[in-house]
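Hi,

Here's the structure I promised to pass on.

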Amino acid sequence: MWNDLFYLFLQAYEQFSSLPLSIEIALLFIFIAVVITLTSYCSILFRRYNAYVYRKRLAYITPIIEDMITEQVLLNENLGKGLPVEDIEFDQVAITDKIYKTPGVRQVVIDIIIRYRKNFRGEIGDLLRKLYIDMHLVEDSFKKLRRHTWEMKIKAITELQQMDISIADSTLLPLTNSNIQTLRAVSRNAYIQLSKNDPFKFFDIATEPILPWDQLDLFKIITTSKELSIPSFSRWVSYSTNKSVVSFCLKLIVYYDQQNAIPAVMELLNTKDHFFRANAINCLGKLSSEIPEETLVKIYGTQPLNCQVQILKALGRIGSGNYLEFLKQEFLNAKDFDIQINSARSIIRHNTHQSRLMIQELMLISTEEQQLIIKHCQNPLIKY
Amino acid sequence: MPNILLVEDDEIMLKAIKSILVKEGYKVFTAKDGKEAFELISKVSFGILITDLMLPHTSGLEVVSKMRDQESTKNIGIIVVSAVGNQETITEAYQLGADEYLKKPIIATTLLLTIRKLINDKNIKIVH
């Protein structure tokens with residue numbers, strides 16, 4: 001039989017080699033296209049079949065897991081009796097059933113426990129965490145953390161974070177500086193939540209940027225975590241070489257109104273990067289302290305437009321009244337619209353007797369266009 | 001114990017809350033969206049409604065509002081349980097007629113205490 005097959009193949013090859021070159025190439029292309037199409041279809045079918053089997057298994061296993069959790073946690077008879085959660089024991093037969101030995105099923109258990117924990121806190125939330133530990137699922141998560149694929153690492157970090165399980169600094173800290181952006185963001189969020197002693201330590205080693213979207217996430221976590229001890233962010237403003245870390249710290253300094261950071265922020269006024277300098281000026285303005293006022297006015301003439309605008313805004317926010325005359329002169333003499341509008345806004349923002357008199361005076365002596373600017377700035381519905 | 005209507009689209013949460021309430025002796029009816037909830041209300045009388053805000057087809061706020069508008073349900077106790085925690089939504093829920101607002105993740109004992117408080121405050125009749 002093999003000989004026949006070999007003979008057939010040989011014949012086909014001889015026929016093929018006797019064909020003109022163009023036909024040979026065309027046949028080769030057709031052959032490759034057919035093989036690729038068939039492989040793709042087989043691969044799609046195989047994947048679909050696997051997904052179907054997984055869904056079937058999931059549909060079978062999920063109610064069993066839910067029932068186990070309901071019985072062991074939600075309906076645990078020791079709940080509400082004032083017993084410490086650590087002393088509440090589970091039915092060992094139920095939680096060590098052989099069904100929970102398969103890795104796939106263990107992953108489903110983890111996912112379901114996490115879903116429950118997102119919905120329950122208090123005693124039930126703590127008992128779910130205990131179940132996660134007692135079923136040794138925590139070890140599964142740590143195993144995933146040691147895997148090489150970053151998707152697995154993210155999954156592991158998320159699980160451990162949800163379950164409030166500490167991760168060693170030596171494991172998590174390097175991941176906060178990973179060159180994979182998603183892993184970096186997840187690790188940083190987890191580090192802040194899980195590190196009890198120094199949750200901002202990763203700022204020290206961060207060489208990768210904290211992207212604006214990640215900053216939003218981090219900001220939310222920092223400002224909503226109740227037990228977080230807030231350090232003085234001026235530390236990173238002074239020493240960090242990572243501009244995104246410094247920019248982020250400037251925002252945190254404003255949020256926590258860290259007045260003691262003013263000298264460190266003022267140091268940034270000497271930086272060569274004018275976008276960065278504008279951030280620092282913005283921060284100083286929002287801290288509303290009179291300390292940097294004089295320096296800001298002194299450097300005003302040498303600054304690019306974006307920094308000048310920030311200085312004018314800062315003077316309005318600080319609102320000491322010491323530089324009303326400066327603002328007036330800028331409003332009257334500047335050619336740039338941004339300078340004019342921000343000077344006017346800052347004068348109005350002072351909202352003192354003196355500033356109101358100045359506005360009245362400006363309405364008399366200024367041009368028609370400038371009067372329009374003042375009227376526009378006086379509209380309380382337009383956000384400053 | 002009064003009948004409780006639980007409206008929640010997350011099946012896990014639905015089962016979980018139901019089992020906690022049933023353990024306490026309440027008779028619990030469940031609905032996965034506002035439409036199902038309205039159908040149940042037309043057939044059964046309830047003392048307490050526990051509803052999520054993010055529901056398919058009809059939002060939880062619409063459910064609350066409709067309950068308060070209808071004569072037969074305007075006096076029932078309404079508890080909103082939601083992961084939405086912004087002050088605007090909470091205020092809106094109260095303005096539309098919610099009695100209590102519990103933010104997820106919830107504490108089971110708080111939910112039970114809230115139900116008991118509503119039963120006492122509103123003098124909700126016990127169905128046998």
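Where the two chains touch, chain A puts in 15 residues and chain B 13, a contact being two residues whose C-beta atoms, placed from the backbone, lie within 7 Å. On chain A's side, the elements that give two or more residues are H2, helix H4 (103-119) and helix H5 (122-134). H4(A) gives the largest share of that side, with 5 residues. By class, chain A's side divides into 6 nonpolar, 5 polar and 4 charged residues. For those classes, Ala, Val, Leu, Ile, Met, Phe, Trp, Tyr, Cys and Pro count as nonpolar, Asp, Glu, Lys and Arg as charged, and the others, Gly among them, as polar. Helices (H or I, at least four residues) and strands (E, at least two) are DSSP runs, numbered from the N terminus.

Before you read on: this is a predicted model, so local features need pLDDT of at least 70 and side-chain atom pairs count only at pLDDT 80 or more, while totals for chains, interfaces and linings use all residues. Residues are numbered from 1 along each chain as its sequence is written, and chains are lettered from A and ligands numbered from 1 in the order in which they are written.

One helix pair bridges the chains. Helix H2 (residues 21-74) of chain A packs on helix H1 (residues 11-23) of chain B at about 40 degrees, with the axes 11 Å apart. Axes here are lines fitted to C-alpha atoms, for helices over the stretch in contact, and angles run from 0 to 180 degrees between N-to-C directions. That angle makes H2(A) oblique to H1(B) (under 35 degrees is roughly parallel, over 145 roughly antiparallel, 65 to 115 roughly perpendicular, and the rest oblique). The crossing of H2(A) past H1(B) is right-handed; a crossing is left-handed if the near helix is turned anticlockwise from the far one by less than a right angle, and right-handed if clockwise. H2(A) uses Glu66(A), Thr70(A) and Leu74(A), and H1(B) answers with Ile12(B), Lys15(B), Ala16(B), Ser19(B) and Ile20(B). That contact has 4 nonpolar, 2 polar and 2 charged residues.

Now chain B by itself. It has 5 helices and 5 strands, in the order β-α-β-α-β-α-β-α-β-α along the sequence. Its C-alpha trace spans about 40 × 30 × 25 Å along the principal axes. Buried residues account for 37% of the 128 in chain B (buried means 20 or more other C-beta atoms within 10 Å of the residue's own, exposed 12 or fewer, partly exposed in between, with C-beta atoms placed from the backbone). Among chain B contacts between residues at least 6 apart in sequence, 59% join residues at least 24 apart.

Back in chain A, two residues are worth a click. Val237(A) sits in helix H12 (residues 234-239) and is buried, with 25 other C-beta atoms within 10 Å. Apart from neighbours within four places in sequence, Val237(A) touches Val246(A), Cys249(A), Leu250(A), Ala261(A), Ala264(A), Val265(A) and Leu268(A). Gln258(A) is in the loop between helix H13 (243-255) and helix H14 (262-267), and counts as buried with 21 C-beta neighbours inside 10 Å.

Cheers
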